[in-house]
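Please keep the sequence and the structure at hand while reading.

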Amino acid sequence: MVKSTTTQNSMTQILAMNLEKPELAVLTVTPGAKAQALRLAKLIPCDCYTSDKLVSEGFIGFNGSMADCVTRLFASYQSLLFICATGITVRMIAPLVTDKLADPAVLVMDEQAQHVISLLSGHVGGGNKLTMQIAQLLGATPVITTATDVNQVAALDTLIQEVGGEVAAYRQQVKDINQMLVSGQQVGLYLEQVTVKDVRGFVAVEDLNQLPSELAALVIVSNRTDLQVNCDYPVIQIIPKNIVVGMGCRRDTDAELIYQTLCQHLAKYQLDMKAIKQIGSVIIKQDEQGLLALAKRLAVPFTVFTIEELQQHEHRFAASEFVRKTLGIGSVSQPSAWIMSDGNLLGETLKQDGITITLGVSICCI
């Protein structure tokens, strides 16, 4: 059996927090750099910063030293673009670099816009992708040095990010699998209910009972807990965030009972709890403490829908007249799950102890 647990503070939580930050800050220290920043600002959203003595329309002052400004921006933006010498950039960010999951992407560009360099967080932070985008917009040459990109193969960390996945021993697994890929070793890839854009270098696996010969490792992207794989090489399971949960319950239902009932329903279909992406219910339940506690416990969004939104899909399901008299609609969990999964429901609805649970599979993981 393939098992997967997280050993770090939820990777997807950290990445989600990063995505809540403003996207791009551009730092300049010369008039030439400012001119390039203005060019870029007309093409993509960004905030432009410069030294206090060079502040003009469209720019925010450093409000002190550049080093102090960089310290503030490093923690508050998804990406930083320095239009200056690489050496200056390295000295500025060196004391701030802590973790590849939390650090922003850092790019460097010369003030003639000849080269754009992906310096930090090329994969997880999206630095490589942003480098390519800016280079194309400004007619510059992108400079990317990550081994997977140079060797034109996919990267495990990028794949994990694309499916919003959780994986055990993230850093070690990424290091080992990416090294295998760039070394030309055969790494199998089995995908279940997900699509991935970049699979270069991986060997497609269609059936876990008929594995290709000479594999060095196998990567499985699946939300299931019952997978059986017989092989003598490493097997890594990525659990994608692709399960949505429509829920209804009686007022003031105990939070622990809600959690245990959900665990029971997931176990029926051999689904990993870490695959849950979103919980949804009717707007009347927006302050239901048991549902709020569940969402907090699982660190996922709790989305509520209006009566009108749910009524559009109510005809698809059997209605409860009691629920209709109480809430104004005959079904809550099923239309909620229908909306969140775009109609891709999974299994049967559980009705137990005043709790209703309907599962769905979201095609888009993140």
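## A hairpin and its sheet

Met 109 stands opposite Val 116 in β6, where two strands are said to pair if DSSP finds at least two bridges between them. The model is a predicted one, in which local features need pLDDT of at least 70 and side-chain atom pairs count only at pLDDT 80 or more, while totals for chains, interfaces and linings use all residues. Residues are numbered from 1 along each chain as its sequence is written, and side-chain values use heavy atoms, with hydrogens and water left out.

Strand β5 (residues 105-109) and strand β6 (residues 115-120) run antiparallel and are joined by four bridges; Val 108 has Ile 117 as its bridge partner in β6. Helices (H or I, at least four residues) and strands (E, at least two) are DSSP runs, numbered from the N terminus. Between β5 and β6 lie five residues that complete a hairpin, and in its turn Ala 113 has a positive phi of about 55°.

How many of the residues of β5 are buried? Five of its five residues are buried, where buried means under 20% relative accessible area, exposed over 50% and partly exposed in between, with a 1.4 Å probe and protein chains only. Ala 105, Leu 107 and Met 109 point one way from β5, whereas Val 106 and Val 108 point the other way, and all are buried.

On the parallel side, five bridges join strand β4 (residues 79-83) to β5, and Ser 79 has Ala 105 as its bridge partner in β5. Together β4, helix α4 (residues 86-93) and β5 make a right-handed β-α-β unit, a crossover being right-handed if, with the strands pointing away from the viewer, the path from the first strand over the helix to the second runs clockwise.

These strands belong to an open sheet of seven strands with mixed pairing, in the order β3-β2-β1-β4-β5-β6-β7. At its edges stand β3 (60-61) and β7 (141-143), each with a single partner strand, so one side of each is left without a neighbour in the sheet.

## A second sheet

Another open sheet has five strands in the order β14-β13-β12-β16-β15, again with mixed pairing. Its edge strands are β14 and β15 (345-352), each of which pairs on one side only. Neighbouring strands of this sheet are turned by 20° against each other on average, direction ignored. Helix α10 packs on the sheet, touching β12, β13 and β14, and its direction makes about 170° with that of β13.

Within this sheet, strand β13 (residues 276-282) has six of its seven residues buried. β13 pairs in the parallel sense with strand β12 (residues 243-249) over four bridges, and Val 244 stands opposite Gln 278 in β13. The chain reaches β13 from β12 through helix α9 (residues 255-268), in a right-handed β-α-β crossover.

Four bridges also join β13 to strand β14 (residues 302-305), and these two run parallel, with Thr 303 in β14 as the bridge partner of Gly 280. Here the chain crosses from β13 to β14 through helix α10 (residues 289-298), and this β-α-β crossover is right-handed.

## Helix packing

Two packed helices are described by the angle between their axes and the distance between the axes. Axes are lines fitted to C-alpha atoms, for helices over the stretch in contact, and angles run from 0 to 180 degrees between N-to-C directions.

| Helix pair | Angle | Axis distance |
|---|---|---|
| α9 and α10 | about 60° | 8 Å |
| α11 (residues 307-314) and α13 (residues 333-341) | about 90° | 9 Å |

Angles under 35 degrees count as roughly parallel, over 145 as roughly antiparallel, 65 to 115 as roughly perpendicular and the rest as oblique. α9 and α10 are therefore oblique to each other, while α11 and α13 are roughly perpendicular.

With contact meaning heavy atoms within 4.5 Å, the residues of α9 that meet α10 include Ile 258, Tyr 259 and Leu 262, and those of α10 include Leu 291, Leu 294 and Leu 298. In the other pair, Glu 309, Leu 310 and His 313 of α11 meet Pro 335, Ser 336, Trp 338 and Ile 339 of α13.

## The whole protein

The protein has 13 helices and 16 strands, and 48% of its 366 residues count as buried. Its C-alpha atoms fill a box of roughly 70 × 55 × 30 Å, taken along the principal axes.
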